[in-house]
Amino acid sequence: MFYKIENEYLTCEINDFGAELHSLKSKENGKEYVWYGKTEIWYGQAPILFPVIGQLNGDRYFYNGKEYSMPKHGLVRKMNFDLVECEGNKAVFSRKSTAETLEKYPFEFELLATFVLEGKTLKNTLTVINKDSKKMYYSIGAHPGFNCKVGDVIEFEQPETVCTERIDHTNLLMPEKFPLLNNEKQITITKEIFEPDALIISGLKSKTLTLKGENEIKFTFGDVPVLGIWAKPGAPYVCIEPWHGINDCHDVVDDISKKREICSLEPGEKFDFPWSAEIIK
């Protein structure tokens, strides 16, 4: 089911299946900024990635010596969320652990997805809450897709010198890193740039970027350790993906607590992960 929030400038729709952003429209010009999820290209729009990001090596991980199985990008993107609140410019959704999730992920949790419209900005906050009596290990990421065209530009707020990691045909990280920016701010979206799959970037100084083209969106990702940028090659959208976590590589990790970029919460603790998209034009 879709739920709608709005303010003077924007309307926004969220699907309770996955608490996935479905639409972000300007009241001024009628433009739709969120990718519409065309099945033959990419069916998704803005999945929430939890409690893993990307592919696990062998689709499995270990916790306290026990093996568990987990699909790509985790569990919640294909689960219904409960509506907590939907009024005016704000909507809140909740997903709690169940007997089904505990079979794949042995931690009691609650995940809140809060959407707020302020001026011409959509603010999304994902809140992870440890409801268990033990330390919880997790990753959390956002994956919103925005309409754009080949030739559009992604511009970081300041010059960056970074490499990108890539994933191979098994969806696992390759050991090599590839030069991407050398004291530069812009990445041009070409038909070829995503043929080896996503750009996976660590060590950014910038906290924001701007997608520039026919549409212009300022995206704030803050202090995330990893930023993914991805689309199907040549498709008319791009996903801006701030991650607290990362794909597995081919190395075997004997426990989820030792996974690269893994996060943790003590019992009763919570973690807020905000991102925002401001409509410039």
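Which strands each supply at least two residues of the lining of the second largest cavity? I looked them up, keeping in mind that this is a predicted model. They are strand 17 (208–212) and strand 18 (216–220).

**Entry 1: the second largest cavity**

I stayed with this void and noted its volume, about 30 Å³. Its lining consists of Phe146, Leu209, Leu211, Ile217, Phe219 and Ile240. By class I get six nonpolar residues, no polar and no charged.

**Entry 2: the largest cavity**

How many cavities of 30 Å³ or more does the structure hold? I find two. The largest has a volume of about 60 Å³. I count 14 residues in its lining. Nearest its centre lie Ala19, Ala46, Ile48, Asn124 and Trp275. I then checked the strands. Strand 3 (20–26), strand 10 (121–130) and strand 12 (140–142) each give at least two residues to this lining.

**Entry 3: the largest pocket**

Next I turned to the open spaces. I noted a volume of about 550 Å³ for the largest pocket. Which residues lie nearest its centre? I wrote down Trp42, Tyr43, His73, Arg77 and His143. They belong to a lining of 26 residues. Strand 3 turns up again in my notes: strand 3 and strand 20 (237–244) each supply at least two residues of this pocket's lining. So far, then, strand 3 is on my list for the largest cavity and for the largest pocket. I sorted the pocket lining by class and got 10 nonpolar, nine polar and seven charged residues.

**Entry 4: the second largest pocket**

How much space lies in the second largest pocket? I have about 160 Å³. Its lining is made of 13 residues. Asn57, Arg60, Tyr61, Asp248 and Val253 lie nearest the centre.

**Entry 5: linings side by side**

- The largest pocket lining has seven charged residues.

Key
Residues numbered from 1 in each chain as written. Predicted model: local features only at pLDDT ≥ 70, side-chain atom pairs only at ≥ 80, totals over all residues. Heavy atoms only, no water. 1 Å grid on protein atoms, 1.4 Å probe; cavity = no way out; pocket = protein on both sides within 12 Å on 5 of 7 lines; lining within 4 Å. Points joined across faces, edges and corners; volume = space filled by probe spheres on them. Helix = DSSP H or I, 4+ residues; strand = E, 2+ residues; numbered from the N terminus. Nonpolar A, V, L, I, M, F, W, Y, C, P; charged D, E, K, R; others polar.
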